[in-house]
Amino acid sequence: MRRLGGFMTSFYDENSQESILRHARELENSSIEETLQRYSQYLADNSELVRLSQQNLDVKIAGKGRYGQYLEIAYFGLPTNNKSRPDFENAHLELKTAPLKKDYKRKGYRAKERVSLGIIDYSRIAKESFDTSHFLYKNSEILLVFYVYDSLQELKKVHVELVDIWRCIQEDSNQIQSDWETIAQKVKDGKAHEISEGDTNLLGAATKGSTRLKSMVKQPNSEILAPRRALCFKVSYVDYIYQELLRRKNNKERDVFETRLIPPGTELSLEQAVNQMILPYTGFETTEIARLNNWPYNPKDKAFLARLTARILGLNRKNQVIHEFSAAGIEVKTVRILANGSIPESMSFKAIDFCSIIEEEWEDSDFYQSVVSKFLIVIFKESENGIYHLH
């Protein structure tokens, strides 16, 4: 039984992930208000429950995570606090909300911002290992509620698009652990003030606080103050999660074939995996690389170098992508250097959506994500004979 807003109800079993998920999925393609009204049809003593959803909580709840707080109170009956335990402790399940925005290219939605996973306690993380970390205890299994962001909409009327559980360790254990250890090591080295979102791929460390000056806190092993930060799933990873869960919900085959650079069960870093693929060809002419692998060679094709790079990375068929790159939002760029040392092409970023940019915060904006995202830049240099070689 779960106490909901002071009234006992049996909507879900707090000890069961399956029961909690079933209750949460009642929100899909609906809103909190509509869902509670549907519940009221089956309950004789529902008046207090419906009244709870109609209370003017909008003005009582402030801050960036307003919808998440409202969801906890009005739908799950959870007290809002900053406790260090998962929200559904007995089921070992954390509750998180993720806003979506229109994606006109896909004709659907995409993630609007990062998902915050809790403030980093610098003193604690400096003493932890990943296996015993507070992050792993609280965030290994997350109930994600994806909703359509609308700054003008009442919280109780906000549309929920998708609800599901994401188990990040089960899905991406190597990279999540590697990212956590990168962040933790900087803290242990007294370099928390040097942490950057560019350090990692899936798990980030976002600054917290209204201004950088007000957010400065002490860190271990250094007298230099460091910005207050929270662990988070990066926007690119949140979007990957949304698209993957949506695909699974609709029981659809992937429209692309996904391959992994890091074989399951290995402890390779992404950089090591990439180096294993590319470094053996360093210095080779493109003709030789193609000949050694029986790959077609057509230097007149404008995309030849990009196609060759894809093959080197193991992409040998159409609509094939690398999982680690998709999840981290890593783009592969090929750069040509002419024999005279000049670079004939510039590197472009995503087009700016002037309609959505006015509602974006800097660190969640598309442009910021492009700046802090990683690129795999593969350079080909032209020889005197006019043939390019992997530089």
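Student: How many bridges join strand E3 to E4?
Tutor: Four, and the two strands run antiparallel. E3 covers residues 94–103. Strands here are DSSP runs of E with at least two residues, helices are runs of H or I with at least four, and both are numbered from the N terminus. Keep in mind that this is a predicted model: local features need pLDDT of at least 70, side-chain atom pairs count only at pLDDT 80 or more, and totals for chains, interfaces and linings use all residues. Residues are numbered from 1 along each chain as its sequence is written, and side-chain values use heavy atoms, leaving out hydrogens and water.

Student: Which residue stands opposite Gly108 in E4?
Tutor: That's Asp103.

Student: And what's the strand order in the open sheet?
Tutor: E4-E3-E6-E7, with mixed pairing. Two strands count as paired if DSSP finds at least two bridges between them. E4 (108–111) and E7 (160–166) each have a single partner strand, so one side of each has no neighbour in the sheet.

Student: OK, switching to the core. Which residues touch the most other members of the largest nonpolar core?
Tutor: Phe135, Phe146, Phe233, Tyr237 and Phe325, out of 65 residues. Such a core is a set of buried Ala, Val, Leu, Ile, Met, Phe, Trp, Tyr and Cys residues joined through side-chain atoms within 4.5 Å; buried means under 20% relative accessible area, with a 1.4 Å probe and protein chains only.

Student: Which helix gives the most to this core?
Tutor: H8 (residues 235–249), with seven residues.

Note on methods. Buried < 20%, exposed > 50% of the residue type's maximum accessible area, 1.4 Å probe, protein only.
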